[in-house]
Amino acid sequence: MISAKLARREIKNNLKYWVFFALNLIIGLLGFTFILIFKNTVGESLEIRSKTLLSADMAITGRRALEGRERSLVDEYLKAQVSEQTSLKELYSMGRVTIPEKRSRLIFIKAISGKFPLIGKIELSEKGILTSQHIQTLQSQPSIIISKEVSHQFKIAIGDRISLGKKEFEVFDILNFDSTSSMRGVNLAPKAYIGKAFLEETGLLGFGSVSWSTDFYSFKQSVDFENIKADLENIITDPGIKVRTPKNSSEQLSRIINY
């Protein structure tokens, strides 16, 4: 009772000080709460953006595809956790056209199959969102999806033909939007998508050619990607093959998330 009386008397004698103190305390707590909410919101937004750039929950990429024992061990380790999987082959090559005039330009070729991307979307000018059915058409017919830059440089449109190596492709559609555009940073040339089934026929994978192989994985539920990454790096002995997670899919976004 005595302490309560003393407290009331102290507050009464120094009312302005205690009101000011209480207001500062409330403002400080509100500010801390808003900062915490903002941090969590930004972190979640950047993680979603990183997954979209990566186009999957996790990717394994390198100058060669996984093969043999490494492939078996990785598939065995991931099979219970993965819901969807697809692969991609990337390389640079010269594209050529003869109509309306002879032209040749460097193109960044992305050979796809199955479903791509697992996360994100590719929007085409005429056919809308790229679907598995569209990709299946690329596997059954020598067709190509070109970027607007390729269309402009070669002066070609849907239905025209362009040659890559030994194979001629018909323009299936033109890219309008690609959420995976920054997956490999700044490219040296505009990109184009073809079906993986026709890549061998182009003759571009001969001795001395440089290409990148990537396996993409989408997981059934939320997992600790860093632990899985560490386990996969123990399985894969080749230092040239990298395991990429949403956190390291973009150096800039990763730096912001770490901050």
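Mentor: The model is a predicted one, and in it the side chains of Asp178 and Lys191 form a salt bridge with an N to O distance of 3.8 Å. This distance qualifies because the cut-off for a salt bridge is within 4 Å. Asp178 belongs to strand E8 and Lys191 to strand E9, which spans residues 191–195, so this pair ties together parts that lie 13 residues apart in sequence.

A network comes next: salt bridges with shared partners join Arg64, Glu70 and Asp238. Within this group, the side chains of Arg64 and Glu70 meet at 3.0 Å, N to O. The two residues can be described by their accessibility as well. Arg64 is partly exposed, with a relative accessibility of 28%, whereas Glu70 has a relative accessible area of 11% and is buried.

Strand E8 returns in a further pair. The side chains of Glu201 and Lys167 are joined by a salt bridge of 2.9 Å, N to O. Lys167 is in strand E8 (residues 167–178) and Glu201 in helix H6 (residues 199–202), so the contact ties together parts 34 residues apart in sequence. Glu201 itself is partly exposed, at 41% relative accessibility.

Technical notes: Residues are numbered from 1 along each chain as its sequence is written. This is a predicted model: local features need pLDDT of at least 70, side-chain atom pairs count only at pLDDT 80 or more; totals for chains, interfaces and linings use all residues. Side-chain values use heavy atoms; hydrogens and water are left out. Buried means under 20% relative accessible area, exposed over 50%, partly exposed in between (1.4 Å probe, protein chains only). Helices (H or I, at least four residues) and strands (E, at least two) are DSSP runs, numbered from the N terminus.
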